[in-house]
Amino acid sequence: MKLICIGRNYAAHIDELKNERPSDPVIFLKPDTAILLKKQPFFIPDFSNDVHHEVELLVKIKKVGKHIDEKFAHAYYDEIGLGIDFTARDLQSKLKEKGLPWEKAKAFDGAAVVSKFFSKSEFDDVNNIDFSLEKNGQLVQKGNTSMMLWKIDALIEYISKYFTLKIGDIIFTGTPAGVAKVNPDDQLTGYIEEKQVFSIKVK
Ligand code: ZN
């Protein structure tokens with residue numbers, strides 16, 4: 001399985017990193033080895049002094065497809081989760097400056113937190129789901145899927161032009177504003193609506 005991640009999908013986050021608004025979604029991949037194992041802490045890698053949390057809503061693919069039309073995209077997923085796209089921002093900035101791929105900054109071991117998943121039928125509208133991240137009990141990121149520049153179905157259409165989507169693939173749909181550095185001993189707790197869906201210790 002693969003993790004397909006979307007960059008720059010929330011206007012306020014694009015502004016905080018002083019990035020340009022893309023005309024198409026920004027896509028990158030993480031390998032399955034990036035998934036942080038259940039109940040394990042997140043270890044800050046020694047090649048970075050500035051790892052940021054990016055909380056993101058996740059979509060799990062349930063059916064193989066390519067060239068999926070947006071109007072049929074809803075049939076390709078029925079579970080929603082929450083994750084963190086950990087990013088070595090210092091390394092990413094250097095790579096971006098040189099026009100190099102981001103993988104070393106985004107796809108390292110442990111860089112993808114994946115919560116348990118919930119049926120989309122539990123939500124009235126997938127395009128109106130609140131999610132948030134607390135650091136040490138304080139709210140640091142808060143988003144709603146209605147604020148996405150490209151909504152879930154549009155992302156599935158776009159991604160599947162380039163990559164065949166397979167059962168179990170997970171889409172990281174982009175982060176809202178509020179990304180910031182994590183430090184040893186931080187506790188990161190994620191919520192979908194009011195429900196706590198993960199709690200990760202940083203080491
Ligand atoms: Zn991200």
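**Pocket, zinc and strands**

Biologist: Let's start with the largest pocket: which strands each supply at least two residues of its lining?
Modeller: Strand S7 (112–114) and S14 each do that. Keep in mind that this is a predicted model.

Biologist: Fine. Which strand gives the most to that lining?
Modeller: S14 does, with five residues.

Biologist: How many residues line the largest pocket, and which lie nearest its centre?
Modeller: There are 15 lining residues, and Lys38, Lys39, Phe198, Ser199 and Ile200 lie nearest the centre. The space in the largest pocket comes to about 260 Å³.

Biologist: Okay, S14 again. What does S14 pair with, and over how many bridges?
Modeller: Strand S14 (residues 195–201) pairs with S13 in the antiparallel sense, over six bridges. As an example, glycine 190 stands opposite phenylalanine 198 in S14, and Phe198 is one of the residues nearest the pocket centre.

Biologist: What's going on in the hairpin of S13 and S14?
Modeller: Two residues sit between the strands, and glutamate 193 takes a positive phi near 50° there.

Biologist: And on the S9 side, how many bridges join it to S13?
Modeller: Five, with strand S9 (residues 130–135) and S13 antiparallel. Phenylalanine 131 has isoleucine 192 in S13 as its bridge partner.

Biologist: Is S13 mostly covered or mostly open?
Modeller: Mostly covered, since five of its six residues count as buried, which means under 20% relative accessible area.

Biologist: Pick threonine 189. Where does it lie, and is it buried or exposed?
Modeller: Threonine 189 lies in strand S13 (residues 187–192). It is buried, with a relative accessible area of 9%.

Biologist: What does the side chain of threonine 189 make a polar contact with?
Modeller: The side chain of serine 199, at 3.1 Å. Ser199 also turns up among the residues nearest the pocket centre.

Biologist: Which residues is threonine 189 in contact with, leaving aside neighbours within four places in sequence?
Modeller: Ser132, Leu133, Glu134, Gln196, Phe198 and Ser199.

Biologist: Changing topic: the zinc. What are its protein donors?
Modeller: Glu54 (OE), Glu56 (OE) and Asp85 (OD), which lie 2.0 to 2.1 Å from the zinc ion. Their spacing along the chain is E-x1-E-x28-D.

Biologist: So what does the pair of glutamate 56 and aspartate 85 tie together?
Modeller: Parts that are 29 residues apart in sequence, because glutamate 56 lies in strand S4 (residues 55–61) and aspartate 85 in strand S5 (residues 77–85).

Biologist: Are glutamate 56 and aspartate 85 buried or exposed?
Modeller: Both glutamate 56 and aspartate 85 are buried.

Biologist: What about cavities, how many of 30 Å³ or more are there?
Modeller: One. The volume of the largest cavity is about 120 Å³. Its lining takes in 17 residues, with Gly7, Arg8, His13, Glu54 and Lys106 closest to the centre. Glu54 is also one of the zinc donors.

Biologist: Where does the largest share of that cavity lining come from?
Modeller: From H2, with three residues. Strand S1 (3–7) and helix H2 (89–97) each supply at least two.

Biologist: Last one: what's the strand order in the open sheet of three strands?
Modeller: S6-S3-S12, with antiparallel pairing. Strand S6 (87–88) and strand S12 (180–181) are at the edges with a single partner strand each, so one side of each has no neighbour in the sheet.

Biologist: And how many bridges join S3 to S6?
Modeller: Two, between S6 and strand S3 (residues 51–53). Valine 51 stands opposite alanine 88 in S6.

Terms used:
Residues are numbered from 1 along each chain as its sequence is written. This is a predicted model: local features need pLDDT of at least 70, side-chain atom pairs count only at pLDDT 80 or more; totals for chains, interfaces and linings use all residues. Side-chain values use heavy atoms; hydrogens and water are left out. Donors are N, O and S atoms within 2.8 Å of the metal (3.2 Å for Na, K and Ca); water is not among the atoms, so sites may look incomplete. Helices (H or I, at least four residues) and strands (E, at least two) are DSSP runs, numbered from the N terminus. Buried means under 20% relative accessible area, exposed over 50%, partly exposed in between (1.4 Å probe, protein chains only). Two strands pair if DSSP finds at least two bridges between them. A polar contact is a pair of N or O atoms within 3.5 Å; within protein, one must be able to donate a hydrogen and the other to accept it, and residues adjacent in sequence count only if both atoms are side-chain atoms. Contact means heavy atoms within 4.5 Å. On a 1 Å grid over the protein atoms alone, a cavity is a set of points where a 1.4 Å probe fits but cannot get out, and a pocket is an open set with protein on both sides within 12 Å along at least five of seven lines; lining residues have an atom within 4 Å of a point. Grid points are joined across faces, edges and corners, and a volume is the space filled by probe spheres set on the points.
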